[in-house]
Amino acid sequence: MCFILWFLVQLLVEINCQMVPYKPKQRDGHTATLIDNKLYILGGEYINDSGPDVGKDFFYLDVSVSFNTQNLSWNDLSNINIIPSHFDAASVKGGANNSSLFLYGGNNNTTMDLVYIFNPQGDSWNIPKITGNIGTRKSGLTGIIDYKGIMYLWGGYDDHGNEVNDMLILDTINLVWGKGSLVGVPTVREYYGGTLLADNNIIYIGGYDGKELTLNQVYLYDTINDSWSTETTSGEVPSGRDGFSTVLGLDGQKVIIFGGTATADSKNLASGDSIYELNLINLEWRIPKIFGQIPKSRMYHKANVIGKYMVISFGDGYDQLTESDILLLDISNVDEYTWTNEFYPLPPTLPPSPSSTPFNTSPSNKLSSSSSMPLSAATTTTTVIGAVLGSLFGAALLSFGGFYLYKNKRRDDNNQIERNIDAQEIVQPPSNVYINNERLTLHELQQEFKDLKQIILQNSKQSTNVMGNNRY
């Protein structure tokens with residue numbers, strides 16, 4: 001009897017908990033890795049008075065669906081995370097099927113392995129056995145992977161806090177360590193910018209070595225020939241900085257940088273000084289044309305190219321109470337970029353159908369707030385529906401429990417009378433429950449509860465999808 005009541009209460013608590021949205025705290029020094037339309041966020045340091053230890057925080061943003069940055073829906077995976085609390089680590093997508101998250105290094109106060117691998121298909125972590133010259137732990141660096149599954153780990157700082165300039169190389173498919181050439185290598189630095197170019201070169205920009213390093217020179221590492229070269233830039237050269245993000249433009253001919261700090265005391269940059277573009281053909285810097293509401297600059301954040309957007313996650317320099325943890329810069333137009341709150345995934349690559357409507361994300365075709373339901377209203381309505389469903393379901397469960405207790409009490413009273421009449425008759429305790437004149441065992445009753453729970457959650461998700469579709 002107590003077990004039945006305990007089971008009802010646990011089921012109700014679990015359903016209601018799944019209806020409460022997960023809200024991560026602001027952080028910097030985290031990793032952001034895109035795998036199968038999921039942007040995984042791991043590690044970092046909390047900002048302001050939230051404390052430095054992020055603990056087991058591990059979550060992702062689903063980028064296979066449209067969303068508004070003012071109403072983000074995070075998915076919490078902290079319960080499966082085995083990684084100790086850390087910050088300033090490096091991560092890439094790699095492995096035999098190019099579908100695993102590789103985490104390297106990071107600063108931490110406890111014992112931590114050098115490399116971890118996360119399998120998104122099984123939601124599981126493991127510690128790989130890697131052969132070759134075992135790499136050393138570094139932090140404050142950028143992990144870059146090429147088209148052959150090779151991860152490059154240059155610069156950063158070591159366990160003693162000293163900046164370094166060695167190149168560690170990890171084959172994520174065969175799990176073998178290696179080292180890159182030191183001939184012509186740039187000077188030591190941390191918190192630089194870096195990204196893989198279309199010609200298999202990696203470009204490294206700026207950084208910190210006790211001072212912010214200039215951007216009038218960039219450094220190229222040839223992944224094919226294991227060689228370094230230095231190039232001089234011109235144009236509107238940004239001031240020396242570190243803690244900024246770097247991505248390759250969609251045309252493969254430009255590098256875009258955002259944010260960072262130009263002072264030793266980590267002051268934020270002015271909004272007009274936060275975004276630059278480097279032409280890879282003539283190595284000329286310029287400030288691109290920008291439309292939309294320009295956000296505050298950020299530092300020690302992360303940026304990923306997802307579809308037509310430069311997606312910027314977390315960082316220092318903004319107020320989480322009034323600003324989103326995610327910034328979106330539409331870089332689809334090579335002549336001008338647009339800050340936006342709306343994310344639209346790329347359409348699936350299916351054969352065209354005469355009855356299908358072409359996907360169009362131009363501003364003129366987006367429904368205005370006056371002709372469609374705002375996302376905040378949809379989210380609020382979904383929350384209300386979830387609360388109502390949870391309450392009704394809870395009331396139904398409690399009513400059933402009370403009715404069952406009442407029937408069992410009546411049955412116990414009848415059994416007591418029978419024992420008083422005939423002391424030799426043994427009355428067996430009921431092992432089944434009758435619902436609609438059908439006999440159910442305890443196992444079958446538990447299965448009924450599980451099926452009912454799935455129906456409730458499925459209806460809640462369908463309600464969310466309907467509200468989201470009303471925006472278009």
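## Charged pairs

Lys-267 has a relative accessibility of 53% and therefore counts as exposed, the cut-off being over 50%. In this predicted model, Lys-267 takes part in a salt bridge with Asp-265, and the closest N and O atoms of the two are 3.9 Å apart. The structure holds 10 salt bridges. Side chains of opposite charge can pair when their charged atoms come close.

Another of these pairs joins Asp-57 to Arg-27, with the closest N and O atoms 2.9 Å apart. Distant parts of the chain are linked by this pair: Arg-27 belongs to strand 1 (residues 27-28), whereas Asp-57 is in the loop between strand 4 (45-46) and strand 5 (58-62), and the two are 30 residues apart. Asp-57 and Arg-27 are both buried. A salt bridge also connects the side chains of Asp-251 and Lys-254, at 3.0 Å from N to O. Here Asp-251 is partly exposed, its relative accessible area being 31%. Lys-254, by contrast, has a relative accessibility of 13%, so it counts as buried under the 20% limit.

An open sheet is built from four strands in the order 2-3-5-7, with antiparallel pairing. Its edges are strand 2 (31-35) and strand 7 (74-76); each has a single partner strand, so one side of each is left without a neighbour in the sheet. On average, neighbouring strands of this sheet are turned by 25° against each other, direction ignored.

Within the sheet, three bridges pair strand 5 with strand 7 in the antiparallel sense. Tyr-60 has Asn-75 in strand 7 as its bridge partner.

Strand 8 and strand 9 (residues 100-104) run antiparallel and are joined by five bridges. Lys-93 stands opposite Leu-101 of strand 9. Strands of a sheet pair through backbone hydrogen bonds, either parallel or antiparallel.

## A hairpin

Strand 26 and strand 27 form a hairpin with two residues between them, and Gly-307 in the turn has a positive phi of about 65°. The two strands, residues 302-306 and residues 309-313, run antiparallel and are joined by five bridges. Asn-304 stands opposite Val-311 in strand 27.

## Nonpolar cores

The largest nonpolar core has 28 residues, and Tyr-104, Trp-177 and Tyr-204 have the most contacts inside it. At least two residues of this core come from each of several strands, including strand 8, strand 9, strand 10 (115-119), strand 14 (167-171) and strand 18 (217-222). Strand 13 gives the most to this core, with five residues. Not counting residues up to four places away in sequence, Tyr-204 touches a set of residues that includes Ile-144, Tyr-152, Trp-154, Met-167, Val-218 and Trp-228.

Apart from this core lies another, of 18 residues, among them Leu-72, Tyr-309, Val-311 and Ile-326.

## A buried proline

Pro-238 lies in the loop between strand 20 (234-235) and strand 21 (245-248). With a relative accessible area of 4%, Pro-238 is buried. Leaving aside neighbours within four places in sequence, Pro-238 is in contact with Leu-215, Ile-257, Tyr-276 and Trp-285. Pro-238 and Arg-286 are 48 residues apart along the chain, and their C-alpha atoms are separated by 8.6 Å.

## The chain as a whole

The secondary structure of the protein chain comprises three helices and 32 strands. Of its 472 residues, 45% count as buried. Among contacts with a separation of 6 or more, residues 24 or more positions apart account for 56%. The protein chain exposes about 24,000 Å², of which carbon and sulfur atoms supply 53%.

Key
Residues numbered from 1 in each chain as written. Predicted model: local features only at pLDDT ≥ 70, side-chain atom pairs only at ≥ 80, totals over all residues. Heavy atoms only, no water. Pairing = 2+ DSSP bridges. Buried < 20%, exposed > 50% of the residue type's maximum accessible area, 1.4 Å probe, protein only. Contact = heavy atoms within 4.5 Å. Areas by Shrake-Rupley, 256 points an atom, 1.4 Å probe, with all protein chains shown as cover. Salt bridge = Lys/Arg side-chain N within 4 Å of Asp/Glu carboxyl O. Core = buried A, V, L, I, M, F, W, Y, C linked by side-chain atoms within 4.5 Å. Axes fitted to C-alpha atoms, helices over the stretch in contact; angles between N-to-C directions.
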